[in-house]
Each structure stands twice: as C-alpha cells, then as structure tokens.
Amino acid sequence: MKIVVEYVLLENLLINLIVLKTSSLVAKEKGRLYLLSAFLGACFTIVLPLFCLSTIGHIIVQLGLSFVFICLTFRFKTLKKFIYLVLCYFLSLLVYGGAVYLFEGFFGIKHTILVLATIVCLYIVIRFVLKRINRKRTIENFCFDVEIVYKGKSLTCKGFLDSGNLLVDPITDSPVCLINFKLFSEIFNDIQIQDVLGKSEKLKQLKLAHYIPFSTLNNSTKILAFEVDKLSVKGKSFERPILALSFENFSTTFGTDMILHNNYF
C-alpha cells in the first residue's frame with residue numbers, strides 16, 4: 001500500500017505541476033509556488049477518497065481546491081483576471097484529460113508511465129507552439145509597411161523596428177536601415193552579389209555608394225551603404241535616407257526584408 005500511495009502521489013504531483021505551468025503559459029501570467037500547489041493537490045487527491053462524499057460534494061470540493069491552488073500560484077487584482085485564470089486552468093485540465101482518454105482508448109493501454117509520458121510530451125508540444133505564437137505576435141507588433149522610392153521607382157516591403165539598430169553612416173551622420181539582398185536586387189536588377197563583394201564598376205550607379213563598418217556578435221565587416229530618394233513609414237517620409245546591404249539572415253528571424261533604425265521612431 002505504501003508503494004501505491006507513493007506512485008499516486010508522484011503521478012498527481014507531476015500532473016498538477018504541468019497543468020499549472022500550462023495555465024501560466026496560456027494566461028501569459030507568471031506564477032509562483034508551483035511545486036507547493038502541485039504537492040498540496042496531490043495530497044488532497046490521496047486524502048479525498050477517505051471521506052464519504054457524494055458526487056456533487058466531490059465536485060464542489062475539487063472546484064474549491066482548484067480555486068485555492070490558483071490563488072496560491074497566481075497574483076491577480078480583479079475578478080475578471082481570476083475568472084480568466086480559472087478558465088485557463090480548467091482548459092488545461094480538459095486538454096490533458098482528453099489526450100489521456102484518447103490515448104488509452106486508441107491503444108487500449110492503461111499504465112501510469114504511459115499516461116505521464118503522454119502528458120509530458122503534450123506539454124512540450126504546447127509550450128513550443130505557444131512560444132512560437134507569442135514570438136510571432138511580438139514581431140508583428142514591430143513590423144511596418146515601408147515604401148522606398150529611388151529614381152521614380154517605388155517599392156513596398158515590410159520593415160522590422162529594431163531598437164538595437166543604432167548604426168550610423170560615418171559620412172552623412174545619418175541613421176542606417178538594413179536591407180537584405182532580395183530587396184536590394186528588386187531596386188537594382190543588374191547588380192549581382194559578386195558585384196557587391198568585388199566592388200565592381202556597377203556600384204557607381206548607386207547614389208553615394210560606399211562601405212561602412214558593421215559589427216555583430218560573431219564578426220566585424222564592412223557593408224555597402226547607399227542613398228535612396230525617399231523612405232516612407234507609418235505616415236512619415238524621410239528624404240535621402242541611407243540604406244545598407246546586409247547578408248545577415250534577419251529575414252528568417254523577423255520575416256521582413258528590412259531592419260529599420262531606432263531613430264525613425
């Protein structure tokens with residue numbers, strides 16, 4: 001009996017801990033005392049069967065305990081926030097309970113280790129997906145439509161506002177926005193990568209073409225900078241801005257072809 005109790009305690013401790021962690025991710029609220037709340041929940045799971053409660057009484061006690069665990073784990077100042085946390089908590093319970101039910105029904109296997117493995121794997125997937133969604137939303141909040149005008153030619157692209165971009169052109173003392181080669185080739189169709197790297201004569205067609213120092217965490221190099229006629233972003237227009245061609249893979253990271261300078265905002 002002692003071994004059974006220990007297994008039940010550990011199983012419920014892990015399940016309660018994962019449910020609370022998932023609730024925190026879904027609600028985007030930092031929690032505290034996760035382990036204590038999970039341990040108390042596991043202890044009550046073992047103790048409750050000792051009381052002769054009706055089905056309704058059992059449900060009421062479980063609801064009350066859930067509210068206690070939420071109050072213990074999360075901080076909130078309004079009833080609306082509390083209700084939202086409760087909904088996130090029970091949504092997490094429903095997801096994990098449903099996953100275990102489907103797993104056992106599909107494979108016809110009921111085993112503690114497999115149940116815990118299913119819950120842990122699902123938690124890893126949920127955590128990964130939610131982090132990707134939150135990161136995407138954060139990036140989208142700092143993405144803006146940008147119009148570049150050069151010799152009567154107008155191009156529209158997405159620009160990411162990077163507060164860490166403090167690059168300044170040493171010649172004009174102007175802020176520098178970075179673009180990738182995809183956008184660069186749309187502006188200058190006949191200039192290839194080898195022309196940029198080899199500093200060919202074709203670069204003379206660019207206005208104020210020159211190379212400026214550019215440093216990243218990995219290395220320091222010089223990149224091609226040049227002037228365009230106008231840049232418009234968020235209802236503001238900037239005359240004769242300086243752009244620079246970067247071969248850094250920021251298009252994959254931010255999903256944009258341009259990194260805006262911090263001074264533009």
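**Figure 1. Aromatic cluster in the predicted model.** One aromatic cluster is formed by Tyr-150, Phe-181, Phe-184, Phe-188, Phe-226 and Phe-247. The coordinates shown here and in the other views belong to a predicted model. Two members of the cluster, Phe-184 and Phe-226, are also listed among the core residues that touch the most other members of the largest nonpolar core.

**Figure 2. The largest nonpolar core and the residue Ile-148.** In soluble globular proteins, nonpolar side chains tend to be buried together. The largest nonpolar core of this model has 28 residues, and those touching the most other members are Ile-148, Phe-184, Phe-226, Leu-243 and Met-258. At least two residues of this core come from each of β1 (143-150), β2 (153-161), β3 (176-179), α6 (181-187), β5 (220-227), β6 (230-233), β8 (242-245) and β9. A separate core of 24 residues lies apart from it and includes Leu-25, Phe-69, Leu-85 and Val-86. With neighbours within four places in sequence left aside, the contacts of Ile-148 are Lys-153, Ser-154, Leu-155, Cys-157, Leu-183, Ile-187, Val-228, Lys-230, Leu-243 and Met-258.

**Figure 3. Surroundings of Thr-256.** Thr-256 sits in the loop that runs between α8 (250-254) and β9 (258-260). Its relative accessible area is 2%, so Thr-256 is classed as buried. The Thr-256 side chain reaches the backbone oxygen of Met-258 at 3.2 Å. Beyond the neighbours within four places in sequence, Thr-256 is in contact with Cys-143, Lys-158, Gly-159, Phe-160, Asn-180, Phe-250 and Ser-251.

**Figure 4. The Tyr-89 and Phe-90 ring pair.** A pair of aromatic rings is described by the distance of the centres and the angle of the planes. Ten aromatic pairs are found in a search of the whole structure. For Tyr-89 and Phe-90 the ring centres are 5.5 Å apart and the planes stand at 85°, so this pair is edge-to-face. Tyr-89 is buried, at a relative accessible area of 6%, whereas Phe-90 is partly exposed at 29%.

**Figure 5. Lysines over tyrosine rings.** Lys-21 lies over the face of Tyr-34, 4.1 Å from the ring centre. Lys-199 is placed over the face of Tyr-211, at 4.6 Å from the ring centre.

**Figure 6. Salt bridge between Glu-29 and Lys-81.** Side chains of opposite charge can pair when their charged atoms come close. The structure holds eight salt bridges. In one of them, the side chains of Glu-29 and Lys-81 meet with an N to O distance of 2.8 Å. Glu-29 belongs to the loop between α1 (2-27) and α2 (34-47), while Lys-81 belongs to helix α4 (residues 79-107), so the pair ties together parts 52 residues apart in sequence. Glu-29 is partly exposed, with a relative accessible area of 22%, and Lys-81 is partly exposed at 27%.

Figure 7. Asp-145 and Lys-158 form a salt bridge in which the closest N and O atoms are 3.0 Å apart. Asp-145 is in strand β1 and Lys-158 in strand β2, so the pair ties together parts that are 13 residues apart in sequence. Asp-145 is partly exposed at 48% relative accessible area, as is Lys-158 at 40%.

Figure 8. Lys-204 forms a salt bridge with Glu-201, with the closest N and O atoms at 2.6 Å. Lys-204 and Glu-201 are both exposed. A network of salt bridges links Lys-182, Glu-186 and Asp-257.

Terms used. Residues numbered from 1 in each chain as written. Predicted model: local features only at pLDDT ≥ 70, side-chain atom pairs only at ≥ 80, totals over all residues. Heavy atoms only, no water. Helix = DSSP H or I, 4+ residues; strand = E, 2+ residues; numbered from the N terminus. Buried < 20%, exposed > 50% of the residue type's maximum accessible area, 1.4 Å probe, protein only. Polar contact = N/O pair within 3.5 Å; in protein donor to acceptor, adjacent residues only side chain to side chain. Contact = heavy atoms within 4.5 Å. Core = buried A, V, L, I, M, F, W, Y, C linked by side-chain atoms within 4.5 Å. Phe/Tyr/Trp six-rings, centres within 6.5 Å; stacked < 30°, edge-to-face > 60°. Lys NZ or Arg CZ within 6 Å of the ring centre and 35° of its normal. Salt bridge = Lys/Arg side-chain N within 4 Å of Asp/Glu carboxyl O.
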